[in-house]
Amino acid sequence: MAEPRRHRDGDEAHADAVERLEAARASQGDLDDRAEAAEGTAHEDEAADAKAAGRNRIAEREAWAAWPEGERGR
């Protein structure tokens, strides 16, 4: 059974967002390497899509982490 979600204060939510952003940035290196290795293969498009999706996740997480505290959760 899943634990019920609890309310997090702004500082805790922001820290979580920064942690998720750092994780996304760390995984982007792997996606970049896979895309480069897949160039010229049948998996090139799939790897390029995964790389682009990773960059989108980073952009989304950067935007959320930078969102002013007073605006979060509205």
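L21 touches I58, R61, E62 and A65, leaving aside residues up to four places away in sequence; a contact here means heavy atoms within 4.5 Å. The model is a predicted one, in which local features need pLDDT of at least 70, side-chain atom pairs count only at pLDDT 80 or more, and totals for chains, interfaces and linings use all residues. Residues are numbered from 1 along each chain as its sequence is written, and side-chain values use heavy atoms, with hydrogens and water left out.

L21 also belongs to the largest nonpolar core, together with A17, A24, I58 and A65, five residues in all. A nonpolar core is a set of buried Ala, Val, Leu, Ile, Met, Phe, Trp, Tyr and Cys residues joined through side-chain atoms within 4.5 Å. Buried means under 20% relative accessible area, exposed means over 50%, and partly exposed lies in between (1.4 Å probe, protein chains only). Two or more residues of this core come from each of α1 (10-38) and α2 (44-66), and α1 gives the largest share, three residues. In soluble globular proteins, nonpolar side chains tend to be buried together.

The protein chain has two helices and zero strands. Both kinds of element are DSSP runs numbered from the N terminus, helices being H or I with at least four residues and strands being E with at least two. The expected span of a helix is 1.5 Å times one less than its number of residues. The 29 residues of α1 should therefore span 42 Å, and the end C-alpha atoms of α1 are 41 Å apart, which agrees. For α2, with 23 residues, the distance from first C-alpha to last is 33 Å, close to the expected 33 Å. Just after α1, G40 takes a positive phi of about 80 degrees.

How do the helices meet? The buried residues of α1 are A13, A17, L21, A24, Q28, L31, A35 and A38, and they pack against α2. An α-helix has 3.6 residues a turn, so residues three or four places apart point the same way. In α2 the buried residues are A47, G54, I58 and A65, and their cover includes α1. Of the 74 residues of the protein chain, 18% count as buried. Residues 24 or more positions apart account for 57% of the contacts in the protein chain with a separation of 6 or more.

Q28 counts as buried because its relative accessibility is 3%. The side chain of Q28 reaches the backbone nitrogen of R55 at 3.2 Å, a polar contact being a pair of N or O atoms within 3.5 Å, where within protein one must be able to donate a hydrogen and the other to accept it, and residues adjacent in sequence count only if both atoms are side-chain atoms. Leaving aside residues up to four places away in sequence, Q28 touches K51, G54, R55 and I58.

Which charged pairs join the helices? A salt bridge is a side-chain nitrogen of Lys or Arg within 4 Å of a carboxyl oxygen of Asp or Glu, and the count comes to two. R25 and E62 meet in one of them (2.8 Å, N to O), with R25 in helix α1 and E62 in helix α2, 37 residues apart. D32 forms a salt bridge with R55, the closest N and O atoms being 3.1 Å apart. D32 lies in helix α1 and R55 in helix α2, so this pair ties together parts that are 23 residues apart in sequence.
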